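Here is a friendly briefing to read alongside the model. Have the viewer open and follow the topics in turn.

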Amino acid sequence: MSEQGRDHPGARERLVPGCDVCAALLRQRADARRVGDHGAAQAYGRELENHPHPAAAPR
Ligand SMILES: [Zn+2]
């Protein structure tokens, strides 16, 4: 398993398991935060909340 739970995202995002976009954005945001680029981190956070989920079928 990979490291999870080290970086608390704020519990605002609704991450969809198996969504490549979510995974990519999470990594990019973590990277941005790591280098102190908070503007980019926020942008990625927004994308996380806004990008569509075609297969996001609730229940
Ligand atoms: Zn997603």
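**Helix 1, end to end**

Helices (H or I, at least four residues) and strands (E, at least two) are DSSP runs, numbered from the N terminus.

This is a predicted model, in which local features need pLDDT of at least 70 and side-chain atom pairs count only at pLDDT 80 or more, while totals for chains, interfaces and linings use all residues. Residues are numbered from 1 along each chain as its sequence is written.

**Overall make-up**

- The protein chain holds 2 helices and 0 strands.
- Of the 59 residues in the protein chain, 8% are buried. Buried means that 20 or more other C-beta atoms lie within 10 Å of the residue's own, exposed means 12 or fewer, and partly exposed is in between, with C-beta atoms placed from the backbone.
- Just after helix 1, G36 adopts a positive phi of about 85°.

**How the two helices pack**

- Helix 1 packs against helix 2 (residues 38–50) at an angle of about 165°, and their axes are 8 Å apart. Axes are lines fitted to C-alpha atoms, for helices over the stretch in contact, and angles run from 0 to 180 degrees between N-to-C directions.
- That angle makes helix 1 roughly antiparallel to helix 2. Angles over 145 degrees count as roughly antiparallel, under 35 as roughly parallel, 65 to 115 as roughly perpendicular and the rest as oblique.
- On the helix 1 side the contact is made by C22, L25, Q28, R29, A32 and R33, and on the helix 2 side by A40, A41, Y44, G45, E47 and L48. Two residues are in contact if their C-beta atoms, placed from the backbone, lie within 7 Å.

**R29, inside the contact**

- R29 sits in helix 1 and counts as buried because it has 23 C-beta neighbours inside 10 Å.
- Setting aside neighbours within four places in sequence, R29 is in contact with A41, Y44 and G45.
- R29 and A41 are 12 residues apart in sequence, yet 4.6 Å apart in space, C-alpha to C-alpha.

- A23 belongs to helix 1 and counts as partly exposed, because it has 13 C-beta neighbours inside 10 Å. A23 and L48 are 25 residues apart in sequence and 9.2 Å apart in space, C-alpha to C-alpha.
- V16 is placed in the segment before helix 1 (20–34). With 15 C-beta neighbours inside 10 Å, V16 counts as partly exposed.
- V16 and L48 are 32 residues apart in sequence and 9.9 Å apart in space, C-alpha to C-alpha.
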